[in-house]
Amino acid sequence: MTRIEALKWIADIFEEPADRITPDTPRSDIQAWDSLGVLTLMADFDQTFGIILSDEEIQCMKGVNDILEILRTNGKLSE
Amino acid sequence: MRFILIDEILEVNPGKHIRAIKHVAPDEDYFRDHFPGFPVVPGVLLTEMMAQTAGKCLEMEDAARGRSMLGRINSANFRTWVRPGELATIVAEIRTSRPRFAIAHCYVEVNGQEVASADLLFTFIPATQFAHDFRDEVVERYLAARTLQRGPNPASMLGTQPS
């Protein structure tokens with residue numbers, strides 16, 4: 001997945017317009033990144049990539065770049 | 001009004017698959033308004049039937065995880081009407097079951113025809129949040145019937161995997 005595709009994937013999860021999501025977008029700017037958003041994110045990581053997020057990973061996520069970093073760490077993001 | 005939308009569990013493989021039924025009584029109160037002269041089961045109730053069915057499958061897999069709560073309707077389709085007096089068969093297939101969430105694909109059939117389907121996301125609420133004497137009467141009826149049919153089987157108790 002390219003970075004652009006990843007950003008689109010993240011935008012879809014949080015039901016945001018694609019142009020509102022950049023690597024620098026903080027969690028606080030994404031309205032749907034609440035407790036349900038976290039569950040949705042976990043489920044999509046699991047179903048789309050087979051990545052099971054730990055509670056620690058979830059708690060450490062402060063913005064979009066942290067999501068991208070997990071994809072990168074798991075070899076799912078091509079630069 | 002009770003909010004138990006499943007009459008009977010027909011079969012269950014905890015955490016994997018469940019099939020249940022609901023007899024839609026002709027005198028359900030909501031038929032007075034939904035709709036006058038054209039009574040059909042509301043789609044939200046069909047969705048709730050699917051959620052309750054999948055939820056029981058999840059709770060029978062791991063009761064310690066807590067009670068399942070519908071968190072999100074990822075998709076839902078309603079293809080045809082369900083009428084008063086019809087027998088609905090509700091099926092849920094658990095696609096993902098994790099400690100914090102689960103995903104199920106569910107559908108409702110009437111006379112062998114799929115009338116509704118939904119993909120549902122569940123989360124879990126600790127059982128301590130609920131009435132301490134809560135008992136799931138639908139699950140208990142299923143377990144009791146199974147015990148009568150097969151004799152006592154500890155593995156069939158709520159919260160444990162089947163043998």
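Contact is taken here to mean heavy atoms within 4.5 Å. The model is predicted, so that local features need pLDDT of at least 70 and side-chain atom pairs count only at pLDDT 80 or more, while totals for chains, interfaces and linings use all residues. Residues are numbered from 1 along each chain as its sequence is written, chains are lettered from A in the order in which they are written, and side-chain values use heavy atoms, with hydrogens and water left out.

By the contact criterion, 10 residues of chain B meet 13 residues of chain A. The area buried between the two chains (the accessible area, with a 1.4 Å probe, that two parts lose on being put together, summed over both) is about 1000 Å², and carbon and sulfur atoms give 58% of this area. Of the area that chain B buries against chain A, 53% comes from R72(B), R100(B) and F101(B), more than from any other three residues.

Three salt bridges are found across the interface of chain B and chain A, a salt bridge being a side-chain nitrogen of Lys or Arg within 4 Å of a carboxyl oxygen of Asp or Glu. One such bridge joins R100(B) to D55(A), with the closest N and O atoms 3.0 Å apart. On the side of chain B that touches chain A, at least two residues each are supplied by β3 (67-78), β4 (87-97), β5 (101-110) and β6 (113-125) of chain B. Strands are DSSP runs of E of at least two residues, and helices are runs of H or I of at least four, numbered from the N terminus. The residues on this side of chain B comprise three nonpolar, three polar and four charged; Ala, Val, Leu, Ile, Met, Phe, Trp, Tyr, Cys and Pro count as nonpolar, Asp, Glu, Lys and Arg as charged, and the others, Gly among them, as polar.

Over all chains, the structure holds six aromatic pairs. Rings of Phe, Tyr and Trp (its six-membered ring) pair if their centres lie within 6.5 Å, and planes under 30 degrees apart count as stacked, over 60 as edge-to-face and the rest as tilted. The pair of W9(A) and F49(A) is edge-to-face, because the ring centres are 5.0 Å apart and the planes stand at 80°. W9(A) lies in helix α1 (residues 3-13) and F49(A) in helix α2 (residues 35-49) of chain A, so the pair ties together parts that are 40 residues apart in sequence. Both W9(A) and F49(A) are buried, that is, under 20% relative accessible area (1.4 Å probe, protein chains only), with exposed being over 50% and partly exposed in between. F14(A) and W33(A) form a stacked pair, because their ring centres are 5.0 Å apart and their planes are at 20°. F14(A) is buried, with a relative accessible area of 2%, and W33(A) is buried, with 5%. Ring pairs also link W9(A), F45(A) and F49(A) into a cluster.
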